[in-house]
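Me: I would like to go through this model by question and answer. Let us keep it brisk.

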Amino acid sequence: MDREIDTAASEITATHNGDRESSQISTVASSKSQCVEKEPSRHGDSQEIEGTSSITLDQGSSHFIAVPQQNDQERDKIQAKQDTPSEQGQANAPKRSWKARAWDIWMKNWFLLGLVIVIILARYFPEWGKTGGPIRPEYSVKYGITSCIFLLSGLSLKTKDLLVSALNYRAHLLVQVTSFIIIPLFVKAITALIGLSTFNATLLAGMAVTSATPTTISSNVVMTANSNGNESLALFNAALGNLLGVFISPVIVLILLQNTPQTPVSGQGLDYVTILRDLGATILVPIFVGQVYLYFFPRSIAWAKSIVHFPTLNSSCLLILVWTVFCDAFNNNTFSSVTAGEIVAIGALQAFIFWAMTFFLGFLARARPVKIRLLKALEAQAREKELREAQLEGQPELAEAVPYTLPPGVSLPRTRLQQYVEPMSKEDTVAVLFCGATKSVAM
């Protein structure tokens with residue numbers, strides 16, 4: 001009896017659900033002007049009605065969705081609007097003012113434009129930045145600004161990166177040999193050739209002295225960081241070059257200016273104690289302080305970097321250094337002793353030396369020797385020969401192995417000489433170029 005009652009109840013419920021679905025479908029169909037019944041889908045759970053895109057009935061559910069269907073003209077209009085939003089946006093976009101465009105140009109090239117500005121300021125207001133002037137640059141800039149640059153480097157670089165860069169003997173040897181041997185010899189050959197003419201001998205002697213000096217300190221580190229190069233490698237080479245230059249540069253100057261009117265008078269020595277003290281106070285001590293502070297207070301450094309952009313601050317300090325140099329030059333009438341044609345000639349000559357050294361160092365740092373490529377090809381051939389021999393000896397599992405290939409930039413077995421001549425990374429190459437080639441540019 002109970003079973004019959006349950007069966008009757010289920011039939012009544014099914015009938016009620018079917019009536020409710022039929023009522024909902026008829027309601028939707030009556031809201032349209034025309035309804036044409038489409039052929040049911042393959043699975044029997046989907047129907048399409050004219051005026052709607054689709055009607056989907058879920059099995060076991062009384063819910064469905066009816067989406068109105070668009071005619072061809074409406075669809076073409078919507079597609080045309082979707083195809084041209086960028087053109088309409090460009091046409092309706094307001095034109096940017098000249099102030100906004102000027103600001104964009106300044107933000108992209110602010111350092112180069114800043115160099116022009118500080119030189120113009122030094123030309124018309126040299127008394128403000130000259131030695132002994134109101135700001136006393138011999139103390140405030142020489143010790144304060146220079147120390148600030150290397151303090152920021154010490155706060156930014158990890159100790160591990162500095163140690164890894166210190167062990168990069170190939171980069172050190174390449175930079176220092178180029179700085180103290182190749183560039184001086186190259187400049188000596190050029191000045192000797194030009195010296196046969198009536199060109200200003202004093203300018204040629206100045207070029208020789210400049211070629212003998214070590215690589216610059218602040219500009220190398222700042223420009224390497226701005227170029228996404230290996231800042232720690234540039235920092236180490238700048239410090240190493242200036243420490244070596246204290247002892248090597250005087251010897252090179254004497255050799256280059258030997259038997260010339262500009263030969264230094266005997267008895268004029270250098271105050272090595274003062275020079276080493278200044279290098280330690282402006283380079284080594286700020287780096288050490290920055291490293292210690294970074295080790296104990298890394299969170300405060302991260303907070304400071306989120307507020308102040310360290311590379312921008314470094315570049316600003318470099319502009320101040322350039323400004324004081326030109327203030328002294330204009331105050332001492334340095335440019336009045338030479339003609340405009342001589343200045344242009346020196347600039348063109350320095351540009352030639354700079355690009356020659358840049359391509360030379362770039363080739364040594366990045367070029368892959370032919371010997372390594374031939375060695376890789378021979379190794380691949382030897383491996384293929386071994387596979388063929390294994391196949392003939394009845395060992396197909398070795399013959400079917402993947403042919404031996406070497407990863408890019410690696411040749412095995414490698415000798416120390418092969419490891420030495422393999423290409424440097426792009427970051428290391430940038431540091432080498434700034435520490436080596438840019439030294440040939442004399443302001």
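Me: Where does Ala-225 lie, and is Ala-225 buried, exposed or partly exposed?
Reply: This is a predicted model, in which local features need pLDDT of at least 70, side-chain atom pairs count only at pLDDT 80 or more, and totals for chains, interfaces and linings use all residues. Residues are numbered from 1 along each chain as its sequence is written, and side-chain values use heavy atoms, with hydrogens and water left out. Ala-225 sits in helix 10 (helices are DSSP runs of H or I, at least four residues, and strands are runs of E, at least two, numbered from the N terminus).

Me: What distance separates the C-alpha atoms of Ala-225 and Ala-431?
Reply: Along the chain, Ala-225 and Ala-431 are 206 residues apart.

Me: Which residues of helix 19 make the contact with helix 11?
Reply: Contact means heavy atoms within 4.5 Å. Helix 11 contributes Leu-233, Ala-234 and Asn-237. From helix 19 come Asp-428, Ala-431 and Cys-435.

Me: How are helix 11 and helix 19 oriented: roughly parallel, roughly antiparallel, roughly perpendicular or oblique?
Reply: Their axes are 8 Å apart and the packing angle is about 30°. Axes are lines fitted to C-alpha atoms, for helices over the stretch in contact, and angles run from 0 to 180 degrees between N-to-C directions. Angles under 35 degrees count as roughly parallel, over 145 as roughly antiparallel, 65 to 115 as roughly perpendicular and the rest as oblique. Helix 11 and helix 19 are therefore roughly parallel.

Me: Is the crossing of helix 11 and helix 19 left-handed or right-handed?
Reply: A crossing is left-handed if the near helix is turned anticlockwise from the far one by less than a right angle, and right-handed if clockwise. Helix 11 passes helix 19 in a crossing that is right-handed.

Me: How does helix 7 lie against helix 11: roughly parallel, roughly perpendicular or oblique?
Reply: Helix 7 covers residues 159-166, and its axis comes within 8 Å of that of helix 11. The axes cross at roughly 60°. That angle makes helix 7, relative to helix 11, oblique.

Me: Which residues of helix 11 meet helix 7?
Reply: The helix 7 side consists of Asp-161, Leu-162, Ser-165 and Ala-166. Facing them in helix 11 are Ser-232, Leu-233, Leu-235 and Phe-236.

Me: Is His-172 buried or exposed?
Reply: His-172 belongs to helix 8, residues 169-194. Beyond its neighbours within four places in sequence, its contacts include Ser-165, Leu-233 and Phe-236. Its relative accessible area is 9%, so His-172 is buried.

Me: How many disulfides does a search of the whole structure find?
Reply: A disulfide is a pair of cysteine sulfur atoms within 2.5 Å. For Cys-148, the nearest cysteine sulfur is that of Cys-317, 3.9 Å away. Cys-148 is in no disulfide. For the whole structure, the number found is zero.

Me: Is Asn-228 buried or exposed?
Reply: Asn-228 is found in the loop between helix 10 and helix 11. Its phi is near 60°, a positive value in a residue other than glycine. With a relative accessible area of 63%, Asn-228 is exposed.

Me: What angle do helix 4 and helix 5 make?
Reply: Residues 98-108 form helix 4, and residues 110-124 form helix 5. Among the residues that meet are Trp-106 in helix 4 and Leu-113 in helix 5. Helix 4 is roughly perpendicular to helix 5. Their axes are 5 Å apart, and the angle is about 90°.

How values were computed. Buried means under 20% relative accessible area, exposed over 50%, partly exposed in between (1.4 Å probe, protein chains only).
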